[in-house]
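Biologist: I would like to learn how to read a helix in a model like this one. Could you walk me through it?

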Amino acid sequence: MSAQADRPIRVVVPYGAGGTSDIITRTVINQMEKQTGWSFVVENKVGAGGNIATEYVARAKPDGYIIYVTGGNALAASGHLFKNPPVDVTRAFESIATLARQPTLVAV
């Protein structure tokens, strides 16, 4: 790789350690570390349906050293569940990759 990360890249997950999102993230990050030689640190920012992590990442310095790994549902729901969402996710984030697909079920 020609680019070099001079400090660890923070990877924020809005769900608890040991859950599906955390395991998928850590598996991908492990491979990224092997391929790039860069250091990554996973931070689990749990709470408020993902809004704590969403706001944390949206307000972080846009220096290329933070990645947000979340399901689209956490981002899509925020704008509809809260009268005044803390973040406009359509402006704050840019999708860069799909790590996994998961079926969704609605039961009545």
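Modeller: Gladly! Let's begin with burial: in α1, the residues Asp 22, Thr 25, Ile 29 and Thr 36 are buried. Seen down the axis of α1, these buried residues fall within an arc of 75°, so they line one face of the helix. Do keep in mind that this is a predicted model.

Biologist: Why do residues that are spaced out along a helix point the same way?

Modeller: An α-helix has 3.6 residues a turn, so residues three or four places apart point the same way.

Biologist: And which exposed residues sit on the face of α1 turned away from its buried side?

Modeller: That face carries Thr 20, Lys 34 and Gln 35, which are exposed. As for the buried residues of α1, their cover includes β1 and β2 (40-44).

Biologist: Now the largest pocket. Which element supplies the largest share of its lining?

Modeller: α1 again, with seven residues. The lining has 41 residues in total, and Tyr 68, Val 69, Thr 70, Gly 71 and Ala 97 lie nearest the pocket's centre. The pocket holds about 1,300 Å³ of space.

Biologist: How many of the lining residues are nonpolar, polar and charged?

Modeller: The lining of the largest pocket divides into 24 nonpolar, 13 polar and four charged residues.

Key: Residues are numbered from 1 along each chain as its sequence is written. This is a predicted model: local features need pLDDT of at least 70, side-chain atom pairs count only at pLDDT 80 or more; totals for chains, interfaces and linings use all residues. Side-chain values use heavy atoms; hydrogens and water are left out. On a 1 Å grid over the protein atoms alone, a cavity is a set of points where a 1.4 Å probe fits but cannot get out, and a pocket is an open set with protein on both sides within 12 Å along at least five of seven lines; lining residues have an atom within 4 Å of a point. Grid points are joined across faces, edges and corners, and a volume is the space filled by probe spheres set on the points. Helices (H or I, at least four residues) and strands (E, at least two) are DSSP runs, numbered from the N terminus. Ala, Val, Leu, Ile, Met, Phe, Trp, Tyr, Cys and Pro count as nonpolar, Asp, Glu, Lys and Arg as charged, and the others, Gly among them, as polar. Buried means under 20% relative accessible area, exposed over 50%, partly exposed in between (1.4 Å probe, protein chains only). The arc is that of the directions from the helix axis to the C-beta atoms. Contact means heavy atoms within 4.5 Å.
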